Amino acid sequence: MTHPKVLSTTLAATLGLGLAIALGAAPTASAASAAPSSGYTAYAGSQQEAKANKAFYEAVMKSVAEKRAANPGALAVTVVYSAANAPSFRTQISRSAQIWNSSVVNVRLVEGSNPDFRYYEGNDSRGSYASTDGHGNGYIFLDYRQNQQYNSTRVTAHETGHVLGLPDHYSGPCSELMSGGGPGTSCTNAQPNSQERSRVDQLWRNGIASAFKVS
């Protein structure tokens, strides 16, 4: 995503879809719907950002596991999302869920009540990002302007990749979904590559075991 500390137009363009995970971030007051309020820390491909990516995944995993402990029989882990607070992006969100559901077997994304994470929309100079408050609550914020500059389904699918445990990899090619804005605005690929698909299945295969351990 676009970060407040970006010092050049070139870097801003490169990181426009950087999709920096913000640990404890919240949408700005101009967002269409309010989300949990907390501080914001922006990262740009740093070790700290990688930790924040992991924290968001673990927050969603915790929410899923707590619910799954009561009904552990399913073969795939179900992650429930809400798009109610991002009506302008409902189509892109649905496409992103379909993309991931057709790409992996150990986790399923479904829209429903009592969600494990939510999507929000609005205007934010930081662009789009994923966030967690560290207490099992997570959300994805989709910025209007950024989604006009970049392929919106790619933005949404990339952010959803963080939900599933994948970190950013800005230096990757367009064929790599988690390369974000690195390849530039001409990149429209919204499909994870084979390595990304394999990694998500590996993470959520372990996630099933984690669900059983929740007391």
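The model is predicted, so local features need pLDDT of at least 70 and side-chain atom pairs count only at pLDDT 80 or more, while totals for chains, interfaces and linings use all residues. Residues are numbered from 1 along each chain as its sequence is written, and side-chain values use heavy atoms, with hydrogens and water left out.

Helices and strands here are DSSP runs numbered from the N terminus (helices H or I, at least four residues; strands E, at least two). Helix α3 covers residues 90-103, which makes 14 residues. From first C-alpha to last it reaches 20 Å, close to the 20 Å expected at 1.5 Å a residue (the expected span is 1.5 Å times one less than the number of residues). In general, an α-helix has 3.6 residues a turn, so residues three or four places apart point the same way.

A search of the whole structure turns up one salt bridge (a side-chain nitrogen of Lys or Arg within 4 Å of a carboxyl oxygen of Asp or Glu). Glu111 and Arg90 make this contact, with their closest N and O atoms 2.6 Å apart. Glu111 sits in strand β3 and Arg90 in helix α3, so the pair ties together parts 21 residues apart in sequence. Glu111 is partly exposed at 42% relative accessibility, and Arg90 is partly exposed at 35%.

Now for the rings, which pair if the centres of Phe, Tyr or Trp rings (for Trp, the six-membered ring) lie within 6.5 Å; planes under 30 degrees apart are stacked, over 60 edge-to-face, and the rest tilted. The count comes to six aromatic pairs. Tyr81 and Tyr119 have ring centres 5.6 Å apart and planes at 90°, so they are edge-to-face. Tyr81 belongs to strand β2 and Tyr119 to strand β4, so this pair joins parts 38 residues apart in sequence. Tyr81 is buried at 6%, and Tyr119 is buried at 2%. Tyr120 and Tyr139 are also edge-to-face, at 5.4 Å and 80°. Ring pairs also link Tyr81, Phe117 and Tyr119 into a cluster.

Lastly, Asn114 lies in the loop between β3 and β4. Its phi is near 50°, a positive value in a residue other than glycine, and Asn114 is exposed at 53%. Gly122, in strand β4, is buried at 0%.

How values were computed
Buried < 20%, exposed > 50% of the residue type's maximum accessible area, 1.4 Å probe, protein only.
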